Amino acid sequence: MKKLIVFLLFLTLSIMALTAQSNTVMDEFLSREGADATTSLLLIAQATGQLPGDASPSDAIKWREEQSWGGKFANQDDQSITSGRFHLALFQSFSIKGGIMYSLFKSPRLAALEAGYQGFVTGTPYVNHRMTPEEVLSSLSMALEMQEAKQ
């Protein structure tokens with residue numbers, strides 16, 4: 001019961017932080033079983049303020065290509081996003097520090113492990129785990145909370 005309340009709190013905070021996000025995009029995203037890479041990256045870019053609230057998923061593809069870590073997403077636009085790739089994008093976009101190995105070799109595998117260590121992932125942090133929309137919003141809300149705590 002306590003985990004459900006915490007999850008709902010994270011979900012509410014993340015939705016409040018993304019109020020400019022189009023309802024149709026968010027509704028479509030939440031209706032899927034698996035989180036797609038394009039919308040997940042769009043949410044990260046909007047949460048960090050790098051894309052405006054009215055940006056489209058195609059804008060997220062252009063934004064991703066401009067990022068140093070963007071090459072790790074080749075041909076992943078319409079596919080489900082994995083925990084490793086999502087957390088790599090999340091950590092890089094929010095400048096979240098990691099351990100020694102992650103700091104030296106920023107890869108999806110090490111990002112998934114770091115996400116597990118820092119509490120972004122409950123359970124075992126598998127690099128190829130296909131994320132759900134709820135998991136994406138939960139991790140995103142944790143990143144937003146960390147950013148608020150820094151300020």
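Me: Which residues form one aromatic cluster?
Reply: This is a predicted model, in which local features need pLDDT of at least 70, side-chain atom pairs count only at pLDDT 80 or more, and totals for chains, interfaces and linings use all residues. Residues are numbered from 1 along each chain as its sequence is written, and side-chain values use heavy atoms, with hydrogens and water left out. The one cluster is formed by Phe91, Tyr102 and Phe120.

Me: How are the rings of Phe91 and Tyr102 arranged?
Reply: The structure holds three aromatic pairs (rings of Phe, Tyr and Trp, the latter by its six-membered ring, with centres within 6.5 Å; planes under 30 degrees apart are stacked, over 60 edge-to-face, the rest tilted). For Phe91 and Tyr102 the centres are 5.8 Å apart and the planes stand at 85 degrees, so the pair is edge-to-face.

Me: Which helices hold Phe91 and Tyr102?
Reply: Helices are DSSP runs (H or I, at least four residues), numbered from the N terminus, as are strands (E, at least two). The two residues are eleven apart, and their pair links distant parts of the chain. Phe91 is in H5 (residues 83–94) and Tyr102 in H6 (residues 100–104).

Me: How far apart in sequence are the parts that Phe91 and Phe120 tie together?
Reply: Phe91 and Phe120 pair edge-to-face, 5.2 Å centre to centre with 65 degrees between the planes. Phe91 lies in helix H5, whereas Phe120 is in the loop between helix H7 (108–118) and helix H8 (133–150), so the parts tied together are separated by 29 residues.

Me: Is Phe120 buried or exposed?
Reply: Buried means under 20% relative accessible area, exposed over 50%, and partly exposed in between (1.4 Å probe, protein chains only). At 5% relative accessible area, Phe120 is therefore buried.
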